[in-house]
Amino acid sequence: MIGRLLGRLALVGAGCVGYGFWEARNFVVRRRSVAILPAGAAPIRLLHVSDIHLMARQHYKLDFVRALAGLEPDLVVTTGDNWCEEQALAPLLRAWGRLRDVPGVFVFGSNDYEAPTFRPPMAYLLRSTEGREGRKRPLQVEQLRAGYRERGWVDVDETRTLITVRGVTFEFRGTDDAHLGRDDYSLVAGPPSPQADVSIGVTHAPYLRVLDAMAADGVDLILAGHTHGGQVCVPYYGALVTNCDLDPIRAKGLSTHTADGRTSHLHVSAGMGSSPFATYRFACPPEVTVLTLTAADANGWSQRTRIDCTSAFGPLGVWRSLVARVVRDDEAAGSNPVTPTSGRPL
Ligand SMILES: [Fe+2]
């Protein structure tokens, strides 16, 4: 009896393991809308891509990137962790194809600077990679930067830029990777440009210090990646970890973030990939997102909702954060509050 039960459990476990490797190769396109454009503006499609973690031999990823042009976006934003090796650059640029001629901005993540090292798939749940700069082989990131800039995409690591699309002027501000501590928000701090209709913050790792600073400065939308959506999630429950101090309930998708009484939309991409040594995802398919930006209502604030998170999440939110606290063994004290500091999934 016990032997038969153990046998069935082993079968289910093996099935789950196999399914995770399959899921990591099956990409989805998520579609969401955010009302942040001036009244009367026509919708604008923003393609948010993150965490490709490309190796040259990963043709299944290249095929998906090549197909993204068919989404016909008006803007492209990539939030880092593009590659794992220099040999991936040429195929990656070819796969982007005509999207490189679409207005776009990018920031880099930790894996754009350093090649990954071996980690077992489940290590993502057990140990953060924060602060491990210098222990890995450096990548020639300037080659990647030059390739992305070559046809007009703008590097917003620690800079701001204005881009006008279909009559709407966007101001993008970005930070370098906060996971490696390379961020210096003071270089882009301040209120949105008076020339901008819409202000968007871009960063790789959604650490609260970056989100707080951007929200307090009044950006309309913050885009980030890095979390891989939790990568190994619990079905019908969600992420257990974010590999940073963001609460797991906002590990992917649209939510909000409030600081100093101001609230920004937040979109965290679950990303397309993972470390080549752990091409495994469970209940968290690899993705890109088409964010359709639409006109705000007459009050200019659209669907953003200010939330008292302690009461809004109730015991479930507290429990989820407690779980996340247990499974990460090296988080900084106070970096992953028991109750989320702000925001809720929309
Ligand atoms: Fe990543």
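1. Let's start with an open sheet in which 6 strands follow the order β6-β7-β8-β9-β11-β10, with mixed pairing. Its edge strands are β6 (160-165) and β10, each of which pairs on one side only. If you ignore direction, neighbouring strands of this sheet are turned against each other by 25° on average. Please keep in mind while looking at it that this is a predicted model.

2. β10 and β11 run antiparallel and are joined by 7 bridges; here Ser255 has Leu266 in β11 as its bridge partner. β8 and β9, by contrast, pair in the parallel sense over 3 bridges, and Ile200 finds its bridge partner in Leu221 of β9.

3. Stay with β9 for a moment. In a regular strand, side chains alternate between the two faces of the sheet. Are the faces of β9 covered or open? Both are covered: Leu221 and Leu223 are buried on one side, and Ile222 and Ala224 are buried on the other.

4. Next, have a look at helix α7, which spans residues 208-216. Its buried residues are Leu208, Val210, Leu211, Ala213, Met214 and Ala215. Which strands do they pack against? The partners are β8 (198-202), β9 (221-224), β10 (253-259) and β11 (262-268). Just after α7, Gly218 adopts a positive phi of about 90°.

5. There is another open sheet to find, also of 6 strands with mixed pairing, in the order β1-β12-β2-β3-β4-β5. At its edges are β1 (28-37) and β5 (154-155), and each pairs on one side only. Further in, β3 (residues 75-78) and β4 (residues 104-106) pair in the parallel sense over 3 bridges. Val77 stands opposite Val105 in β4.

6. Leu46 is a handy residue for exploring this region, and you will find it in strand β2 (residues 44-49). Why does Leu46 count as buried? The reason is that it has 24 C-beta neighbours inside 10 Å, where 20 or more are needed. Setting aside neighbours within four places in sequence, Leu46 is in contact with Pro73, Leu75, Val77, Leu291 and Leu293. Arg32 is 14 residues away from Leu46 along the chain, and their C-alpha atoms are 10.0 Å apart.

7. Now for a pair of helices. Two packed helices are described by the angle between their axes and the distance between the axes. For α2 (residues 59-67) and α3 (residues 89-96), the angle is about 30° and the axes are 7 Å apart. The two helices are therefore roughly parallel to each other, as the angle falls under 35 degrees. Leu62, Val65 and Arg66 in α2 meet Pro91, Ala95 and Trp96 in α3. By type, the residues of this contact are 5 nonpolar, no polar and 1 charged.

8. Stepping back to the whole protein chain, you can count 8 helices and 12 strands. Buried residues account for 46% of its 346 residues. Of the contacts between residues at least 6 apart in sequence, 75% join residues at least 24 apart.

9. Finally, a word on confidence. The protein chain has an average pLDDT of 84, and 80% of the residues score at least 70. Where does pLDDT stay under 50? That stretch is residues 298-346, for which the model has 86 contacts beyond four places in sequence.

Methods:
Residues are numbered from 1 along each chain as its sequence is written. pLDDT is the predictor's confidence in each residue, from 0 to 100. Two residues are in contact if their C-beta atoms, placed from the backbone, lie within 7 Å. Two strands pair if DSSP finds at least two bridges between them. Helices (H or I, at least four residues) and strands (E, at least two) are DSSP runs, numbered from the N terminus. Axes are lines fitted to C-alpha atoms, for helices over the stretch in contact, and angles run from 0 to 180 degrees between N-to-C directions. Angles under 35 degrees count as roughly parallel, over 145 as roughly antiparallel, 65 to 115 as roughly perpendicular and the rest as oblique. Ala, Val, Leu, Ile, Met, Phe, Trp, Tyr, Cys and Pro count as nonpolar, Asp, Glu, Lys and Arg as charged, and the others, Gly among them, as polar. A residue is buried if 20 or more other C-beta atoms lie within 10 Å of its own, exposed if 12 or fewer, and partly exposed in between; C-beta atoms are placed from the backbone.
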